[in-house]
Amino acid sequence: MKENLTVDRSSVPLTKEDFVSDQMVKWCAGCGAHAILSSVANVFPKIGYKKENFCLVSGIGCSSRFPYYVNTYGFHGIHGRANAIATGVKIANPHLSVWIATGDGDSMAIGGNHFIHIIRRNVDLNIMLFNNQIYGLTKGQFSPTTPQGSVTKTSPQGTIEQPFNPGELILGAQGTFFARVADTNPKMMTEVMFEAAKHDGTSVVEILQNCVIFADKTHNTITSRDLRDDHQLHLKNGEPMLFGKEKEKGIMLTATGLKVVKIGENGITLKDILVHDQYAQDPGIHLMLAKMNPPEFPVALGVIRSAKFSTYDDMVVEQIAYAKENSSILSVDDLLNSGDTWEI
Amino acid sequence: MANNKNNVVELEDAVVKFVGDSGDGMQLIGTLFSDTAAIEGNDLATFPDYPAEIRAPHNTIAGVSGFQVHIGKEKVNTSGDLCDVLVAMNPASLKSNLKWAKLGATIIVDNDIFDEKAIEKAGYKTNPLSDGSLNGYNVISAPITTLTKEGLKPLNVDIKTAEKSKNMFALGIVYYLFNRDLESTFKYLEIKFKKKPLLVEVNKITVKEGFNYAETVEAIKSTFVVPAAKLEKGRYRNITGNVAVAWGLLAAAEKSKRPLFLGSYPITPATEILMELSKWKSLGAKVFQAEDEIAGICSAIGASFAGSMACTTTSGPGLSLKSEAIGLAVITELPLVIVNVQRGGPSTGLPTKSEQSDLMQALYGRNGEAPVIIIAASTPANCFFYAYEAAKLSMEHMTPVILLTEGCLGLGSELLKIPKVADLPSITPPIAKANDANYKPYNRDENLVRSWAVPGTEGLRHRIGGLEKENGIGNVSMDPMNHQIMTDLRAAKVEKVADFIPLQEIIGEKEGDLLVVGWGSTHGAIYDAVNAMQKQGLKVSQTHFNYIMPFPKNTAEIFKGFKKILVCELNSGQMVNYLRMKFPQYQYMQYNKVQGLPFVVSELTQKFNQILKEV
């Protein structure tokens, strides 16, 4: 895959230590955010960019304290606006590797508008979407991803709202990169973060994150030891979509949609199993994968979509370069004296 | 072209108002007439007056679109109270604008449109052209549509194009009235319709037809000449306030060597700034049309953090949406220029009309103690200099600045003496040096300004954000005393800007019976009223504020010398109450108007006289 040539590379190899912040990490013990922090600390030095060229931007919420805990340039914004702030950072300086830490409240509710538009524009940056299905920092109100019926501080009889599936929203907004990982699988998280960094365009990594205080085990049907083999599909580009303890089950594409099948049953062989193409331009199958849910289906994890499209920030640079080459107005003095002017 | 009529009247100044149905091309001929006047040496000010709808129902009062231009042989300070010439293309525009014509004014109408239906739609019971209601005016009633069509017969153009050209016929009549040269207009038309040579031909022929018609018609007994103004030597151009803001920002970016970033969302009457800056990518301007007002300002804050000269432009409702983010720029102490082209409020209010009712919002419309610099432009042309100044102060003092302009400034135009960028004051943002071992995000210099450490710079990695920060060091701090210190520092930093702005000036004597105080767009009307009274020997002076937060250092002193102080503004009394709070040692009278319209000179003179009687 093409490396991002815009961002300056570090002349010396970097390590985890280069990104350690002097701030005390104030997340609860057992919070899934710790795993994300550790994954980022592993990924940043590997990417190879100069350490001064990383910029972390966040909004409000537990997730959004993230920038304080990594030694990069960092900006802790206001509720819902991380995506808008980061868009400005990236357009202003395309030589930065911009990372957004945001949550299901920050990006799905109060900042929903900025979230869909940053994706639609395909600004080249990386969004880490901490999805714990709850408002943690305000102590336990339901969020736009809380499963219907959940009892929370503001839904004592259970929520009556249909939750968002972030993947559907992202692909609906013409997302070019979408990956989903669980906070219980740091290895996959690190791999996926690396893929996100390499992608040119807006990459969204949804992290199924546990909130140990207000929504403990909310992702248990996916992540628990006894269910995970049957409820997780680990996607790998170019490989058949197999899951189950013995990889005995697979996903097949039928005329009406996806279907779970068993190898060896009803004449099904490995050849019948859908092979993952994360680079496909058409998002059709990616959307079907993103929508899969237990108990009928496993949840798709890994990189679901990573399609190549031109990025907003590249086109900004191109338009400016073109204008500079083709315009006769190259200074403000030129501008002031252009058109109808006269001497008195 | 020669003028065959002998009776030429020389005027000091003249006001011409073009009104018609929206879509009749009034803005275009208004602009053409202004440009020709400017090129022939007049000073001028213009004011477009158009409805909120793009095409309101045909021939109704709601659909009337107007353009007023005031030309003169002296400095022109306003777009004029009442007009000398009114061009009314349909009954509705005559009905709604006759009150703005001087008694005895020349009124040009297209009598083809004065049919029963259009007359009724305008709310007339009888035909104003024949019922005597225009007695006392010099009426040129011409079958403009018919004559336009006839004139274009040799070109074989379609009826729609022919009908649309009738505005050019009217313009031809006005050109004749003012003894104007047609050549510069022809040149302008050739440039404007470069890709449509047929349209150039159509318009040229029609202007000429109008001109020739005026020459032969009986109703015109005399024509006017407004001699060239004695303006300061130099190169001039006509400019609207919105374009002037855009160019002032571009100039500040070039001077400071900080790339310009604009994050903005379309809103009347500020959109022209966004459109104008979008044109100048060749000057490196990065313009981001955001998904909403909040994204406009938040993207600008991000760009400012990343080292750009960041701006956002809006009008009142948009400023409301940006409030929280302005607070973020205050606490992160990042430079940011917020331009508010004020319009009539509250809520959606009067989108296309002018008002000064966002002053209190600019001063205090945020949660927490969140002081910002506030500057107000007062003429279309000085929007250039105040936009430049807003950007300069913002970057040099690391604080957001709200620049207040108004719809009438943004859309109105006047002549700008073209400055040289080299002559503009220098701008030196406090950029932090790479690998500065002593760098701390909230360390301050002697002016309480923190430095600007741009991401990508070696050795300056740091985090800032909306949570309160520890003085100097910049870590998150919830310490009570630290919050007090930081609150005081943020306020003191903005107050200190008073050391860097000009002293407040008095126009007229430093002592007298009455000091008239204003701010923003009212400068011209107040100036003309005060000036006229000064000439009569009355002890009236004017002081007009462009710097509002902080006030110039000598502000309190200025008020000392006057028996009465009158604050005039286009709101219910926002500046006057601010002054009462800031300088309670003085008594202030107030004159307010909230009609979406500028002051007219006559109402001010009347008010001033009334007060002087009581002195």
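This is a predicted model: local features need pLDDT of at least 70, side-chain atom pairs count only at pLDDT 80 or more; totals for chains, interfaces and linings use all residues.
**Core.** I began with the largest nonpolar core and found that it has 263 residues. The residues with the most contacts inside this core are Val89(A) and Val205(A) from chain A, together with Val174(B), Leu249(B), Leu250(B), Ile301(B) and Leu403(B) from chain B. I then looked up which element supplies the largest share, and this is helix H9 of chain B, residues 241-256, with ten residues. Taking Leu250(B) by itself and leaving aside its neighbours within four places in sequence, I listed its contacts as Val332(A) and Leu335(A) in chain A, and Leu260(B), Trp280(B), Leu283(B) and Ala285(B) in chain B.

**Sheet in chain B.** I next traced an open sheet of seven strands in chain B, whose order is E11-E10-E12-E13-E15-E14-E20 and whose pairing is mixed. Strand E11 (286-289) and strand E20 (547-549) each have a single partner strand, so one side of each of these edge strands is left without a neighbour in the sheet. From one strand to the next, the twist averages 20 degrees.

Which strands does H9(B) lie across? I found that H9(B) lies across E10, E12, E13 (336-342) and E15 (400-406) of chain B, and that it runs at about 170 degrees to E12(B). A helix of chain A also lies on these strands: H2(A), residues 82-92, lies across E10 and E11 of chain B, at about 150 degrees to E10(B).

**H6 of chain A.** I checked the length of this helix, residues 186-198, and at 1.5 Å a residue its 13 residues should span 18 Å, which agrees with the 18 Å between its end C-alpha atoms. Its buried residues are Met188(A), Met189(A), Val192(A), Met193(A), Glu195(A), Ala196(A) and Ala197(A). The elements of chain A against which these buried residues pack are helix H1 (33-47) and strands E3 (97-103), E4 (126-131), E5 (177-182), E6 (203-208) and E11 (299-306).

**H9 of chain A.** In this helix, residues 284-291, I recorded His286(A), Leu289(A) and Ala290(A) as buried. Seen down the axis of H9(A), the buried residues fall within an arc of 100 degrees, so they line one face of the helix. Among the elements of chain A that cover them are helix H5 (166-172) and strands E5 and E11.

Conventions: Residues are numbered from 1 along each chain as its sequence is written. Chains are lettered from A and ligands numbered from 1 in the order in which they are written. A nonpolar core is a set of buried Ala, Val, Leu, Ile, Met, Phe, Trp, Tyr and Cys residues joined through C-beta atoms within 7 Å. A residue is buried if 20 or more other C-beta atoms lie within 10 Å of its own, exposed if 12 or fewer, and partly exposed in between; C-beta atoms are placed from the backbone. Helices (H or I, at least four residues) and strands (E, at least two) are DSSP runs, numbered from the N terminus. Two residues are in contact if their C-beta atoms, placed from the backbone, lie within 7 Å. The expected span of a helix is 1.5 Å times one less than its number of residues. Two strands pair if DSSP finds at least two bridges between them. Axes are lines fitted to C-alpha atoms, for helices over the stretch in contact, and angles run from 0 to 180 degrees between N-to-C directions. The arc is that of the directions from the helix axis to the C-beta atoms.
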